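Hello,

Here is the structure I promised to pass on.

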Amino acid sequence: MSLDARLLRHFAGLGLATDAVSLVSHAHGRERRAERGIARLELQGAVKHGRKERAHPGRDGADRWRFKHKGVIYITDESCRHEITSWRLADDAAMRAAPPKPWGGSHFSSHTLLIVDSSGSMRRSDVPGYGSRTEAVYDTLLREFVQPQLELTRGGTVLGTAVVTLIEMGKSAEVLLERAPIDDILMRYFRSRGSSRARSHGNYLPALHKAIEILREDADRQVQLFLVLLSDGAPSDHSEQTCVHGVQVWQEGNNRVKFKGKTALRACVGGQACRLQLKKAVEADCLARIEELGDLLGRDRMNVHTVAFGDPKEDYSVLERIAGALPRGSFQKLGLAAANLRTAFTSLNQSLTTMRTEADGSGGGPRPRA
């Protein structure tokens, strides 16, 4: 009988209490569980009662096992004792609202493009009154940004149509809305996004590239442009990039060597200098994307606002520099207080209102040629 079979027989057959099932936890696994709201006892229950099958091997070719139990997927090493990672099988139990259709008219007066972080850390339940950071962000966007703009339109305070594009920023960029009008359908959609499940990395560059692709179409329109980038951390783009020596220096090594309690990163002759160079290159690329937007659309009309909503100890220097790349920009570091988030979006809402007022009468038609 194999080792894993003997272990499972011991756990299930001898009546070992679930909380006594052996589980060796590691930093990566604990972080993933914290992001996904999975308790240690759920993993122990998966090993004791769940369905077991072979998982894809690790980067070093070592065998791994997958346990499925009560909607949780749990990956272990070949001994079934060491925690690799875990996630919930169902992305969401809640029904999602259908996304709004793009604005059908030929003209609009303002275009707000929102880039919202959907990396795994946005699933953390550390914002009082909310189940996750994602829920707090979308609820605030709904109440302090979308709803006030809809009321302005209904009340006739401003003229013209305001449209919204929404990009979620994970390992890749997902365009969820493109030039959707601010109406009741958009409000319902934003409400549903609060229960979406964030995952993986938060890569800035794919999202900024998509933003350029979309906003490029507005270059010749007489439209006010407003870009908002919200994240709870620094860009992760460097994590899978290769240094000049051909090494993914931000990936964990294959030898399980520990450094300060964590698995050591892959070794390279360039050492830490290669890691720093990759991060600097990502930062430079992010700033170049914003400069490109300014060159394409006009530095005087491209509004860029960045919002840091996460642990105050995180590094938000890239967000701050993005906001400062063009004349009309702002950076706000909020911590994790929902009240600060509301204040930030109230301020952004006021800026958009000013923009829409300035745009009245333009109708979003072609820009005058020089």
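In these notes, Ala, Val, Leu, Ile, Met, Phe, Trp, Tyr, Cys and Pro count as nonpolar, Asp, Glu, Lys and Arg as charged, and the others, Gly among them, as polar. By that scheme, the lining of the second largest pocket divides into five nonpolar, six polar and nine charged residues. A pocket here is an open set of points on a 1 Å grid over the protein atoms alone, where a 1.4 Å probe fits, with protein on both sides within 12 Å along at least five of seven lines, and lining residues have an atom within 4 Å of a point. Ser 118, Glu 168, Glu 174, Arg 197 and Arg 199 are the closest to its centre of the 20 lining residues.

Please keep in mind that this is a predicted model: local features need pLDDT of at least 70, side-chain atom pairs count only at pLDDT 80 or more, and totals for chains, interfaces and linings use all residues. Residues are numbered from 1 along each chain as its sequence is written, and side-chain values use heavy atoms, with hydrogens and water left out.

Strand β7 gives the most to this lining, with three residues; strands (E, at least two residues) and helices (H or I, at least four) are DSSP runs, numbered from the N terminus. An open sheet of six strands runs in the order β7-β6-β5-β8-β11-β12, with mixed pairing, where two strands pair if DSSP finds at least two bridges between them. β7 and β12 stand at the edges with a single partner strand each, so one side of each has no neighbour in the sheet. Within the sheet, β5 and β6 pair in the parallel sense over eight bridges, and Glu 168 of β6 is the bridge partner of Val 116.

Best wishes
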